[in-house]
Amino acid sequence: MGAMSIENRKRAAVAQLETLKARVDHVHIEGLQRTKDDFVAGAFRDMFKVSTFQELLEKSIETRLKLEKLGCFKNIAIVIDTSSGSKSTPGYGYDVTFNVVELGRVTGRINTTIENNQGSLGFALQTPNLIGRGETLQGEIKCSSKKMHTFNTSFTKPLLFSNGSFNSSIFKQTSENVASGYKLTEYGTLFGLSFLYGGRINHEIQYEGIVRNAGVMNKNVAFAIRENSGYTLKSSVRNILSVDSRDSNVFPTEGSTVQLKSELAGLGGNIGFLKNELFSQINLPLVSDISLQASFGAGLLTDTTKNKFYSLIDRFFLGGPLTLRGFQFNSVGPKVDGYATGGSIYWLGGLHLYTPLPHRPSKGSFGDSFRLHLFCNAGNLGNVTRNLNECFDSLSKSIRLMYGIGLVYRLGQIARIELNYCIPILYQADDKLIDGVQLGLGVHFV
């Protein structure tokens with residue numbers, strides 16, 4: 001009876017809030033120093049549309065979230081009080097005050113990044129809210145576990161007229177592709193616009209200009225790799241459209257995501273191509289925190305002009321502990337003297353069954369960061385030919401297929417570590433297999 005009485009009281013209180021009249025007479029923001037008034041004013045527009053106290057509470061929380069997204073404040077507190085004075089609404093007028101504490105002029109951080117089965121340690125300095133309208137200037141240096149160094153300077157500015165931002169960066173980065181025997185140093189600049197619609201649709205438009213220097217890793221690398229050495233200049237535009245309704249990026253149990261990425265190179269420089277990639281994923285909840293996940297990805301790379309070309313660096317590569325498991329990183333597909341030369345068309349699919357750990361140890365805390373999964377991956381990589389029938393025929397005949405079981409650990413809401421036992425079923429004679437235990441860590445997975 002006591003529990004029912006408490007529940008009834010809660011319902012009565014909610015019902016009273018929904019019928020209690022309210023009108024916002026004034027909205028104040030206290031604590032602004034560098035931040036300009038016109039930059040934050042748009043966050044308060046919906047506050048004046050409320051008609052009940054319940055709506056007032058909801059809009060106050062929504063406004064606080066909008067202010068947090070501006071990236072200017074480290075603390076925001078809300079005070080709701082009855083209004084007073086000659087211009088107040090008698091009986092149901094309210095004043096709402098947002099007390100804010102701005103971020104410092106300079107902040108620093110040390111962070112780790114996990115991608116492509118390697119980790120990196122980064123040191124960053126940032127000047128948030130640089131001019132008073134959410135601008136951020138940041139400089140970052142990263143050192144990876146493979147002694148690769150990256151330097152990046154970026155400037156980001158929110159757009160007042162939309163839920164989006166402008167960003168630009170100047171960078172230097174180095175990388176290696178061991179399966180192909182080459183190393184790469186890139187110097188470039190990037191300009192981009194990003195827009196967010198309804199919290200689920202993200203649209204990015206980017207321009208990138210890069211000077212690239214490719215070299216071989218040792219003297220035994222095949223000539224087909226060596227002939228791609230030297231400097232190239234790529235000038236390209238990208239269009240990235242993503243729709244994501246998943247409940248989590250790392251351990252989704254329901255929802256789906258679709259991303260279409262297109263890149264057109266050849267606006268300048270000596271590199272020219274059209275590159276399209278598609279990735280999709282759907283998650284279905286079953287019973288007792290058990291879920292089924294299906295993923296599919298595909299890509300197509302084609303020439304655009306006769307006087308420009310694309311090199312080994314621009315091609316697709318397949319294989320790795322988070323994509324086509326059971327195969328070494330980038331080791332699947334066409335090869336010359338044992339070195340992977342990549343391809344211009346690929347497809348990749350994955351099917352996972354995720355379950356909690358047996359007996360649910362540490363449920364609700366540390367144990368929720370682990371999952372067991374049964375999985376199956378399939379895919380193929382090849383080159384586009386003039387005869388499309390031959391092209392698709394080759395992709396369907398030399399399929400790589402494997403299955404396995406593994407343990408997955410979530411690193412925050414961004415990355416994951418997998419320890420898997422892989423059993424390849426279908427493969428080619430020159431594929432580099434991992435028949436047994438494989439460790440993988442990164443952000444992107446299939």
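Visitor: Why is serine 369 called buried?

Guide: Serine 369 has a relative accessible area of 12%. Buried means under 20% relative accessible area, exposed means over 50%, and partly exposed lies in between, with a 1.4 Å probe and protein chains only. Serine 369 is therefore classed as buried. The model is a predicted one, in which local features need pLDDT of at least 70, side-chain atom pairs count only at pLDDT 80 or more, and totals for chains, interfaces and linings use all residues. Residues are numbered from 1 along each chain as its sequence is written, and side-chain values use heavy atoms, with hydrogens and water left out.

Visitor: Where is serine 369 found, and what does it touch?

Guide: Serine 369 belongs to the loop between β17 (345-355) and β18 (370-382); strands are DSSP runs of E, at least two residues long, and helices are runs of H or I of at least four, numbered from the N terminus. Setting aside residues up to four places away in sequence, serine 369 touches Phe251, Val408, Tyr409 and Arg410, where contact means heavy atoms within 4.5 Å.

Visitor: What makes threonine 341 count as buried?

Guide: The relative accessibility of threonine 341 is 10%, so this residue counts as buried. Threonine 341 lies in the loop between β16 (339-340) and β17. Beyond its neighbours within four places in sequence, its contacts include Ile225, Leu312 and Phe317.

Visitor: How many aromatic pairs does a search of the whole structure find?

Guide: The search finds four.

Visitor: Why is the pair of phenylalanine 370 and tyrosine 409 called tilted?

Guide: Rings of Phe, Tyr and Trp (its six-membered ring) pair if their centres lie within 6.5 Å; planes under 30 degrees apart count as stacked, over 60 as edge-to-face and the rest as tilted. Here the centres are 4.8 Å apart and the planes stand at 40 degrees, so the pair is tilted. It links distant parts of the chain, with phenylalanine 370 in strand β18 and tyrosine 409 in strand β19 (residues 400-411), 39 residues apart.

Visitor: Is phenylalanine 370 buried or exposed, and what is tyrosine 409 called?

Guide: Phenylalanine 370 counts as buried, because its relative accessibility is 17%. Tyrosine 409 has a relative accessible area of 25% and is therefore partly exposed.

Visitor: How do you know that the charged end of arginine 416 sits over the ring of phenylalanine 445?

Guide: A charge sits over a ring if NZ of Lys or CZ of Arg is within 6 Å of the ring centre and within 35 degrees of the ring normal. The charged end of arginine 416 is 3.9 Å from the ring centre of phenylalanine 445. Arginine 325 likewise lies over the face of phenylalanine 375, at 5.5 Å from the ring centre.
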